Amino acid sequence: MKKEVEQLTIGRLARAAEVGIETVRYYQKLNLLPTPVPNGMAFRQYPLALVERIRFIKRSQDLGFTLAEVASLLALEHGTDRAAIRKIASTRLGDINKRIVDLERMQGILTHLIHECEDTGRTKPCPIISAFTGGSTAH
């Protein structure tokens, strides 16, 4: 009995990885995925292992890594250069922490403005609009 080679067309690869075909092509364009060499068949064949690579890319993006950072991580995929991997992850964590501080600041400002809008009553304009226009009133 002949063992079946685990190869996929681009459509099947995309479906298995739960992305679109254009995503696969885009990752190939960025050299995040290899482009198979035509082998005389009607369609290029992709190894099944690329499904996990695509999932790695998507999970990395979900954690906020840029595609350039993902490329750096993929270059380190053997996992032995722990210092380089930690540096990339630490940089991303620092960016996330900065965003959290910014989001908490925005949350505080909006919460305050919403309360001010509730407290001003209907005799004065809601301060949210004037806060967004720099305090000026439009006529």
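Visitor: At what angle do the axes of helix α1 (residues 10–17) and helix α2 (residues 21–29) cross?

Guide: Two packed helices are described by the angle between their axes and the distance between the axes. In this predicted model, the axes of α1 and α2 cross at roughly 100° and come within 8 Å. Axes are lines fitted to C-alpha atoms, for helices over the stretch in contact, and angles run from 0 to 180 degrees between N-to-C directions. Helices (H or I, at least four residues) are DSSP runs, numbered from the N terminus. α1 and α2 are therefore roughly perpendicular to each other, a term that covers angles of 65 to 115 degrees.

Visitor: Which residues in α1 and α2 meet?

Guide: Ile-10, Gly-11, Leu-13 and Ala-14 in α1 meet Ile-21, Val-24 and Arg-25 in α2, contact meaning heavy atoms within 4.5 Å. These residues divide into five nonpolar, one polar and one charged; Ala, Val, Leu, Ile, Met, Phe, Trp, Tyr, Cys and Pro count as nonpolar, Asp, Glu, Lys and Arg as charged, and the others, Gly among them, as polar.

Visitor: What conventions apply to the model?

Guide: Residues are numbered from 1 along each chain as its sequence is written, and side-chain values use heavy atoms, with hydrogens and water left out. Because the model is predicted, local features need pLDDT of at least 70 and side-chain atom pairs count only at pLDDT 80 or more, while totals for chains, interfaces and linings use all residues.

Visitor: How many salt bridges does the structure hold?

Guide: Side chains of opposite charge can pair when their charged atoms come close. The structure holds five salt bridges, each a side-chain nitrogen of Lys or Arg within 4 Å of a carboxyl oxygen of Asp or Glu. One of them joins Glu-69 and Arg-92 at 2.7 Å, N to O. This pair links distant parts of the chain, with Glu-69 in helix α4 (residues 67–75) and Arg-92 in helix α5 (residues 82–119), 23 residues apart.

Visitor: Which residues are linked with Arg-92 in a network of salt bridges?

Guide: The network links Glu-69, Arg-92 and Asp-95. Asp-95 bridges to Arg-92 with the closest N and O atoms 3.3 Å apart, and both lie in α5, three residues apart, about one turn of the helix.

Visitor: Is Arg-92 buried or exposed?

Guide: Arg-92 is buried, with a relative accessible area of 7%. Buried means under 20% relative accessible area, exposed over 50%, partly exposed in between (1.4 Å probe, protein chains only). Glu-69 is also buried, at 15%, whereas Asp-95 is partly exposed at 28%.

Note on methods. Helices (H or I, at least four residues) and strands (E, at least two) are DSSP runs, numbered from the N terminus. Angles under 35 degrees count as roughly parallel, over 145 as roughly antiparallel, 65 to 115 as roughly perpendicular and the rest as oblique.
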